[in-house]
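Dear colleague,

The sequence and the model come just below, and after them I describe what was found.

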Amino acid sequence: MTEVLINQGRIRILADGEVAEWLTQDWFAPEWWKHEGLVLKSLGGRGQAVLLDSSVGHLVLRRFLRGGWVSRLSEDAYLNLGIHRSRAFREFRLLKTLRRLQLPVPEPVAASFEPNGLTYKAGLLTRFIPDASELAELAPQLSIAQWSDLASTLEDFFSAGLSHPDLNARNLLLDRSGQWHLLDLDRAVLRGREVDGRAMCRRLARSLEKLCLSGWRQGFDASLGRFC
């Protein structure tokens, strides 16, 4: 994938070269897609991701939104430390790197950097993963083999050195072919060495507990228990 940096007024867009000619700043505005009647559905999450029917295929748009107490001060503005340190640009490039390592993450399409003095706002466009469901929906009915596949997939990420600060039951997808995918890598980093996945797997277990699901613990413990 060739990177292209596009100037759209004050907004900078980092894009896959194959789709760069189509992109405008409107592509990062959910309201514009709604006005055009091209929002297929809301996918939820902190960034209120939406599925789009674009001229280059089905895409997912996620705006970067703050959580916790700091969101009371600003919902979507981040301290501007420079374009290449912005969250969307970093996630775009991390996704590219992970895909080069043949790890199952969404294909990045474009990232926006929207500066406003000392702060900036951001968005990210990725390819939609079709025919896939969240672990949060599937956990009660997963087979031991599917849990084992999930454990193997996560082990691949840990071996590659990925540290994910928010591994949870809503950012793991299982597609129809049986492949697991990891989403929402905001603030995730590659450490350059194998990482200890225990804290991440404990966080994943807590997210399943919060959903008050039944029937997941046996499969989880049998496959992922060694990480916890």
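Two strands are said to pair if DSSP finds at least two bridges between them. Please keep in mind that this is a predicted model.

With that definition in hand, we can begin at the start of the chain, where strand E1 (residues 3–8) and strand E2 (residues 11–16) run antiparallel and are joined by six bridges. As an example of such a bridge, Ile6 has Ile13 in E2 as its partner. The hairpin of E1 and E2 has two residues between the strands, and in this hairpin Gly9 takes a positive phi near 65 degrees. In general, the strands of a sheet pair through backbone hydrogen bonds, and they may do so in a parallel or an antiparallel way.

Taking the chain as a whole, the secondary structure comes to six helices and 13 strands. The C-alpha trace spans about 55 × 35 × 35 Å along its principal axes. For 228 residues, a compact globule would have a radius of gyration near 17 Å, and the value of 18 Å for the chain agrees with this.

Further along there is an open sheet of three strands in the order E9-E11-E12, with antiparallel pairing. Strand E9 (132–134) and strand E12 (180–182) stand at its edges and have a single partner strand each, so one side of each is left without a neighbour in the sheet. From one strand to the next, the twist averages 30 degrees. Within this sheet, strand E11 (residues 172–175) pairs with E12 over three bridges in the antiparallel sense, and the bridge partner of Leu173 in E12 is His181. Helix H4 (residues 144–160) packs on the sheet, where it touches E11 and E12, and its direction makes about 40 degrees with that of E12.

Turning to the side chains, the count of salt bridges comes to 14. In general, side chains of opposite charge can pair when their charged atoms come close. Lys121 lies in strand E8 (residues 119–127), while Asp76 lies in the loop between strand E5 (57–63) and E6, so the pair ties together parts that are 45 residues apart in sequence.

Lastly, Leu79, Leu81 and Leu118 make a nonpolar surface patch of about 350 Å². Of these residues, Leu81 is found in the loop between strand E6 (78–79) and helix H2 (87–100).

Definitions and conventions. Residues numbered from 1 in each chain as written. Predicted model: local features only at pLDDT ≥ 70, side-chain atom pairs only at ≥ 80, totals over all residues. Heavy atoms only, no water. Patch = residues over 30% accessible without salt bridge, like charges linked within 9 Å, V, L, I, M, F, W, Y side chains within 5 Å. Areas by Shrake-Rupley, 256 points an atom, 1.4 Å probe, with all protein chains shown as cover. Salt bridge = Lys/Arg side-chain N within 4 Å of Asp/Glu carboxyl O. Helix = DSSP H or I, 4+ residues; strand = E, 2+ residues; numbered from the N terminus. Axes fitted to C-alpha atoms, helices over the stretch in contact; angles between N-to-C directions. Contact = heavy atoms within 4.5 Å. Rg over C-alpha atoms; globule rule 2.2 N^0.38 Å.
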